[in-house]
Protein chains: 2
Amino acid sequence: MQTGKRRVGRPTTNVLTRDLIMQTSLRLITERGATGASMRDISRELGVQPSALYNHVSGHEDVIGGVRELVSERIDVSGFGTEPWIAALDRWAKSYRLAFAAHPPTIALLAVQPLTEQSRVGTMYDVVCRGLIDAGWPEARVLSLVVALENFILGAALDRAATSEILRPGVSDSTPSFQRAYAAREESLGEASAADAAFDFGLATMLAGLEAEYAALSQDA
Amino acid sequence: MQTGKRRVGRPTTNVLTRDLIMQTSLRLITERGATGASMRDISRELGVQPSALYNHVSGHEDVIGGVRELVSERIDVSGFGTEPWIAALDRWAKSYRLAFAAHPPTIALLAVQPLTEQSRVGTMYDVVCRGLIDAGWPEARVLSLVVALENFILGAALDRAATSEILRPGVSDSTPSFQRAYAAREESLGEASAADAAFDFGLATMLAGLEAEYAALSQDA
DNA sequence: ACCTGAACACCGTTCAAGT
DNA sequence: ACCTGAACACCGTTCAAGT
């Protein structure tokens, strides 16, 4: 990316754009982890001084927000309006998690960020809300449903981002039931990821619970 | 905490202990947020040089791990063995979330940390696993169940830690369904927290799904 | 408007020196 | 063994100066 040394003063053709900064940041985070994309790292990668970034972004928080937008673009909301609501939620949840799982270190960074107004994330919520309202869910409950599912998805993504050894009983310790459960899961999983198994199990459980809740709703009406 | 200026060399009575460092760190995180408990902040609060901390902890990661242990001590696993498994899970999940909710900024810090061996967290898993195995859940599925529920809990805690404005549609924008759902929830909630509503809804949904799954299990047997 | 370069107030961590 | 003090290699951000 470097173009030798630039002399002071405004360059004849701009070196940076906001989008270039976001793309570079996402790439660095993915390649080097959450701590590998400091403002100084990004500027170094782009061959500019750190202060140059501030002509296009307001600060590090702004960069993180932009990266979140980038990652969120790959979430699939196409099921709403074309499939039954439960299938649409299933598709949404799985693609949501995969979008973040493709860049594991982003999750811890992004999950805490407040939602910027007028963002693509906002339009995603709109599509999901519309699908659920049209399906007959009471408006007052729709956001609780969406947020609850999202909490699970982000928690699962966070889990996947952590080392796979995050949950492992110590050897020869005082947790026999934990060890038995661990060994039994190990055997039944084979090559599959434990985090994936927990996500699939949890998502199926939540959707089953939602289906039951939905059935109870139409019984009241 | 300061005791005037100490001269160089080993003090006659120790100033620090590992536990004192952890307690101070938790207090600072709670009072000042996740960024308010740097190694230098902790040392300043304790009236010592930053390097003094390294006689009792291996580094910042170690401190975070210790704080997680502190917070986790308040998780209630007393239901396992004394209540039906579903009630025990409900009690566990609610106290789990509350333990972290009492120190909101800790969650983002702690959720990503790998589990240290021989920790209290490990014994918590053991009690939960034992309760579920004794209740008749297949050993190979127990950990997926626990991890899935934990993912939801931590995701919900993360959500609660974020500003309450994290999810809010922009005014006069192109997300009408999102806005309707937001307004409807607002009205039905009154004073209650939106994050709480989503957690309660999600937990009830997951437990209902688990109950259905459990019933299906015994049908096969 | 958009870059460089210098500066400021921070980090985590290491290590010699002192008791 | 457990502290101080100095040092190293980092941060994010601001701002004057230059084109």
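**View 1. Helix 1 and helix 2 of chain A cross in a right-handed way.** A crossing counts as right-handed if the near helix is turned clockwise from the far one by less than a right angle, and as left-handed if anticlockwise. This is a predicted model, where local features need pLDDT of at least 70, side-chain atom pairs count only at pLDDT 80 or more, and totals for chains, interfaces and linings use all residues. Residues are numbered from 1 along each chain as its sequence is written, chains are lettered from A in the order in which they are written, and side-chain values use heavy atoms, with hydrogens and water left out.

Helix 1 (residues 18-32) and helix 2 (residues 39-46) of chain A pack at about 110°, axes 10 Å apart. Axes here are lines fitted to C-alpha atoms over the stretch in contact, and angles run from 0 to 180 degrees between N-to-C directions. The two helices of chain A are therefore roughly perpendicular (65 to 115 degrees). On the helix 1 side, the contact uses A:L20, A:I21, A:T24, A:S25, A:R27, A:L28 and A:R32; helix 2 brings A:D41, A:I42, A:E45 and A:L46. Contact means heavy atoms within 4.5 Å, and helices are DSSP runs of H or I, at least four residues, numbered from the N terminus.

**View 2. A:D126 is buried but has no salt bridge.** Look for A:D126 in helix 6 (residues 120-135) of chain A. The nearest side chain of opposite charge is A:R130, 6.1 Å away; a salt bridge needs a side-chain nitrogen of Lys or Arg within 4 Å of a carboxyl oxygen of Asp or Glu. Buried means under 20% relative accessible area, with a 1.4 Å probe and protein chains only. Setting aside neighbours within four places in sequence, A:D126 is in contact with B:S174, B:T175, B:P176, B:S177 and B:F178.

**View 3. B:I153 sits in helix 7 (residues 139-161) of chain B.** With 0% relative accessibility, B:I153 counts as buried. Not counting residues up to four places away in sequence, B:I153 touches B:W92, B:A93, B:Y96, B:R97 and B:F199. B:F100 is 53 residues from B:I153 in sequence, and their C-alpha atoms are 9.7 Å apart.

**View 4. Helix 2 (residues 39-46) of chain B is mostly covered.** Six of its eight residues are buried, namely B:M39, B:D41, B:I42, B:S43, B:E45 and B:L46. The cover includes helix 1 (18-32) and helix 3 (60-72) of chain B.

Conventions: Buried < 20%, exposed > 50% of the residue type's maximum accessible area, 1.4 Å probe, protein only. Lys, Arg positive; Asp, Glu negative; His and termini not counted. Parallel < 35°, antiparallel > 145°, perpendicular 65-115°, else oblique.
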